[in-house]
Amino acid sequence: MHKVYHRIERIAGSVITVKADGVAYQELAQVTSPQGVSLARVIRIDKEMVDLQVFAGARGITTDSQVRFIGKPMEIPFSDSLLGRVFTGSGIPRDNGPLIEENPIQIGGPSVNPAKRIIPRNMVRTGIPMIDVFNTLVVSQKLPIFSIAGEPYNQLLARIALQAEVDVIVLGGMGLKHDDYLYLRDFLEQNGALSRSVMFVHTASDPIVECLLVPDAALAVAEQFAIKGKNVLVLLTDMTNFADAMKEIAITMEQIPSNRGYPGDLYSQLASRYEKAVDFDTAGSITILAVTTMPGDDVTHPVPDNTGYITEGQFYLRKGRIEPFGSLSRLKQQVNGSTRSDHRTIMNTMIQLYASFKETIEKQSMGFRMSTWDQKLLRYGVRFEKEMMDLSVNIPLEKALDLGWIILSDCFEPEETGIPSKMINEYWPKKG
Amino acid sequence: MASIGKITGVNGNLIRVAFVGAVAQNEVAYAKLPSGIKLKSEVIRIRGDYAELQVFEDTTGLKAGDDVEFTGELLSVELGPGLLGQVFDGLQNPLPRLAEECGFFLQRGKYLNALERDQKWAFTPVAKVGDKLTAGETLGTVPEGIFKHRIMVPFKVRKTVTVEKIMPAGDYTVEDVIAILKDADGNTVEAKIMQIWPVKIPIKQYSERMRPSEPMVTQQRIIDTFFPVARGGTYCIPGPFGAGKTVLQQLTSRYADVDIVILAACGERAGEVVETLREFPELNDPRTGKSLMERTLIICNTSSMPVAAREASVYTGVTLAEYYRQMGLNVLLLADSTSRWAQALREMSGRLEEIPGEEAFPAYLESVIASFYERGGVVRLKDGSIGSVTIGGSVSPAGGNFEEPVTQATLKVVGAFHGLSRERSDQRRFPAINPMDSWSKYEGIINEQKVQEARHILAMGIDVNQMMKVVGEEGTSMEDFITYLKSEYLDSVYLQQDAYHDIDAACSADRQQYLFDKVYEILKTAMTFKEKENARGFFLKLTQITKDWNRVEFKSKEFKELEEQIFKSVAEVATNA
Ligand SMILES: Nc1ncnc2c1ncn2[C@@H]1O[C@H](COP(=O)(O)OP(=O)(O)O)[C@@H](O)[C@H]1O
Ligand SMILES: [Mg+2]
């Protein structure tokens, strides 16, 4: 007894309004117009007036298009057969593979009971010293990559996905350039990782509402895998496109914007996605890495700003490198005390010295005289950038720590580093 | 009689309900899903024959025409023994018990009693038959962990009542009646171990409110020495993300010199609550030797939990704090972050289509914030004992810019401002409280005159540093250079504190006084150096040893040795040496 309506009262942006009764909030409907068939969901009910957000957009919808309510909210199929497949945000295959309909699960489901979470305790190895040594990524962490357009963030994501020892990779693409989508897919495929991956992809040319569905679909699927005991890595790129899609829709809904046009609930909306990252007591985990491009390289822009308040740190990608300043893994303390006894020492010392190097560079550029100490710092900085920061460096944590000692001992005397003598005795390379 | 209504509109977590009968502002109602699940809601606006309600849950599936049952009661909490050590959501549902029943995920429409109904408490009567008492006066006590939990004349009692009957010592459940009270008009009131109180109404069953004058030692040097907080005072910690608001609150919740700590995790990360949740039971409170959890209560409405319950969570927190204050205890309420609650108000206000104020926050934001912080305070109870509620709220300003409505509204009402700066946190100078912008109206634990001098040195050091950026070290006089090094020294060894070090993480009041005197002495020592390079080298080393000094047990053998070493090296550079 699904109700069908043939009169659309209002069309604005991707939102249509019909007069209907007995319709539930968030219920799905099928909208059939000369443009074809699209799903839509109820986003507001005001007496008999029902607003629906049309996934394919309202373009071409006529006032006599057909709206058929299907009596349930948005769901996505879930099974192991999702692995290796690519879908749109609404779960339609975009890889010419068969439609999957089994075991539908709700998207945007309830939040995990905090009492069922555990303190994260496992490191995710990436082979990238700027991460492993200086800002260790931790299982169940949610971390954005703050980047300006044009930086190789998708390459970085793909590389981390490949090196991280996870059971399942779920990739959510939002507003992806088609080339980037193909790059990511091919990269996973060529490296044999596609068979443990599921992709939900919205490209820049797809309807905007579908962009909104991508993170929810990706995270709902990730959650199911995690409940089954899998360690899942979710990659989201680019969350700024997601936020912009929300902004666009909020504006067509005539909501009062709070900050640069973004809706007042931007924080809550982003948080409800990011908070899906979890380490379950007695089951698997979800780790989220999400690209957030910063319009105008401005962290105080509402999207990176709200994101930073939600996530457990951030990586800044700038000039093809992960910046040591500003980048932060808030969970690193949980793991870097139990990797190797010199981990924290190397981390702190090398960063402090690099900061001094930056100051020296500044002094140098202002024409001040360079002392012997400055000269040492200059040598150190160059090596640090080349041997540690460069993204092409790919070595395990232990090798990176060893390398740290070598660089330090090549550039400084032990006491100049401020490292406690106990550590020096144990690790400082003996010259000979 | 409670009224009923029908839903006419759904917009996110706001529903519009046509009702018959009487409905009160802030009354609780339940919206019924076709499946029978009832979603808790609160009336937030009434217009003619319809009311608007915020639903504390996801509203997916609600329809126009669905039933709404009003309860006739305001949003309330249960007060009684057994609250401490618990972890509640914003509506006072115990999360661990919810997890036992529902598993990994929160289930909407599932509500549990805050207090266990079958647990027995050993009641000892204090009042006697014939005693004339008023609301908040003690009828008896039960032991709750390390505290003597007072069972009081229900707060809602308006007049003097006479004790008609009081139960003898024995074990009772929270629902057992332990006294029968009668007022002058002959109305009887049954007092149980537990009582119910609406969260938005302050508990004021005391005889007078006093000026907060006693310091609440947090064991963070920069706070206790430079920007102290008083028991019963209020303070705020605004700062951009990653500047250290949460870590600072976590440290305070561990080390603050109070009886009870209530943590209201409001709209922030779940993971941070989990840290407290999992670590506190393992940690000992040095004051009592018992687990820290025994003095802690967590209200947890993290960012992905229902937005409308954020507001409820801070009120639930402060109401529970006031309740324990009524027992003559010092309670600290820490809310992280008040901005999330303000944003929840903004979301609601937007859906109500109210005329927006600055950054779309509602025009009443200021008064709401002010009346929340007003609930802090030191009071003299009716029996003469003193209790306090201290409130510390973090603020998360958009873009880290303090010129925004929530920070500004908060600054108008609090007694101390601990402004965290991005610059300091980037330099890993923790706690990243900006020593130049922050302020406190409370008295601290160190002689104010000396603190002023120390502040002055910091300010001068910053000036010299600014100047040096232009003229270089060569263009700076030796005297200025030394001032700069001294201010950096003060910053490194006193303002900064290592949160992750067993000993340095907390610095007792005694130790602060001791350390401050010594550092002050060094700052006041005139020094002579040949070259700036020598001066720099000297202070580098001095800083290192002083930091080591901070990291050893107070007054231990090592402590004394390091102190000697410090003063020996200072003597070597002192001008008159
Ligand atoms: N007092 C401190 N000592 C050492 N590190 C700190 C301190 N405060 C903050 N940090 C560092 O900064 C990070 C962010 O702190 P946090 O309190 O979570 O920031 P906020 O709540 O302001 O976003 C922490 O994960 C930690 O690495
Ligand atoms: Mg925080």
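These notebook entries record what I looked up in a predicted model with chains lettered from A.

**Entry 1**

I began with strand 2 and strand 3 of chain A, which run antiparallel and are joined by four bridges. Within this pairing I found A:Arg10 standing opposite A:Thr17, which belongs to strand 3 of chain A. The two strands form a hairpin with two residues between them, and in that hairpin A:Gly13 takes a positive phi near 60 degrees.

I then followed the side chain of A:Arg10 and found that it forms a salt bridge with A:Asp51, where the closest N and O atoms are 3.5 Å apart. The two partners come from distant parts of the chain, since A:Arg10 is in strand 2 (residues 8-12) of chain A and A:Asp51 is in strand 6 of chain A, 41 residues apart. Are the two partners buried or exposed, or something in between? A:Arg10 has a relative accessible area of 47%, so I noted it as partly exposed. A:Asp51 has a relative accessibility of 5% and therefore counts as buried, because buried means under 20% relative accessible area.

**Entry 2: other salt bridges**

A:Arg125 forms a salt bridge with A:Glu398, and here the closest N and O atoms are 2.9 Å apart. This pair also links distant parts of the chain: A:Arg125 is in the loop between strand 11 (123-124) and helix 1 (129-132) of chain A, whereas A:Glu398 is in helix 11 (residues 397-411) of chain A, 273 residues apart. Both ends are partly exposed, A:Arg125 at 31% relative accessibility and A:Glu398 at 30%.

A:Lys177 forms a salt bridge with A:Asp180, with the closest N and O atoms 3.9 Å apart. I checked A:Lys177 for accessibility and found 54%, so A:Lys177 counts as exposed, because the class of exposed residues begins over 50% relative accessible area.

I also came upon a network of salt bridges that links A:Arg117, A:Lys142, A:Glu275 and A:Glu312.

**Entry 3: a patch of negative charge**

Which residues gather in a patch of negative charge on the surface? I listed A:Asp21, A:Asp46, A:Glu48 and B:Glu353, so members from chain A and chain B are both named, because Asp and Glu count as negative. I looked up A:Asp46 in more detail and found it in strand 5 (residues 36-46) of chain A. A:Asp46 has a relative accessible area of 39%, which means it is partly exposed.

**Entry 4: backbone angles and cis bonds**

Before going through the backbone I reminded myself that most residues other than glycine have a negative phi, and most peptide bonds are trans.

Where in chain A does A:Lys47 lie? A:Lys47 lies in the loop between strand 5 and strand 6 (49-54) of chain A, and its phi is positive, about 50 degrees, although A:Lys47 is not a glycine. A:Gln26 is not a glycine either, and it has a positive phi of about 75 degrees; I found A:Gln26 in the loop between strand 3 (15-19) and strand 4 (27-33) of chain A.

In chain B I turned to the peptide bonds. The bond from B:Asp336 to B:Ser337 is cis, with omega near 5 degrees, and B:Ser337 is found in the loop between strand 22 (330-336) and helix 6 (338-351) of chain B. B:Phe430 and B:Pro431 are joined by a cis peptide bond as well, with omega about -15 degrees. I placed B:Pro431 in the loop between helix 9 (422-426) and strand 26 (439-440) of chain B.

**Entry 5: a sheet in chain B**

I traced an open sheet of four strands in chain B, in the order 10-13-15-16, and noted that the pairing is antiparallel. Why is one side of strand 10 and of strand 16 left without a neighbour in the sheet? Strand 10 (132-133) and strand 16 (188-192) of chain B stand at the edges and each has a single partner strand, so one side of each has no neighbour there. Strand 10 of chain B pairs with strand 13 (residues 161-166) of chain B over two bridges, and the bridge partner of B:Lys132 in strand 13 is B:Thr162.

**Entry 6: a contact across chain A**

Last, I looked up A:Asp390, which is found in the loop between helix 10 (372-389) and helix 11 of chain A. A:Asp390 counts as partly exposed, at 34% relative accessibility. The C-alpha atoms of A:Asp390 and A:Gly320 are separated by 7.7 Å, while the two residues are 70 residues apart along the chain.

Definitions and conventions: Residues are numbered from 1 along each chain as its sequence is written. This is a predicted model: local features need pLDDT of at least 70, side-chain atom pairs count only at pLDDT 80 or more; totals for chains, interfaces and linings use all residues. Side-chain values use heavy atoms; hydrogens and water are left out. Patches are made of residues with over 30% relative accessible area and no salt bridge: like charges are joined within 9 Å, nonpolar side chains (Val, Leu, Ile, Met, Phe, Trp, Tyr) within 5 Å. Accessible areas come from the Shrake-Rupley method with a 1.4 Å probe; for residues, only the protein chains shown count as cover. A salt bridge is a side-chain nitrogen of Lys or Arg within 4 Å of a carboxyl oxygen of Asp or Glu. The place of a charge is taken as NZ of Lys, CZ of Arg, CG of Asp or CD of Glu. Buried means under 20% relative accessible area, exposed over 50%, partly exposed in between (1.4 Å probe, protein chains only). Two strands pair if DSSP finds at least two bridges between them.
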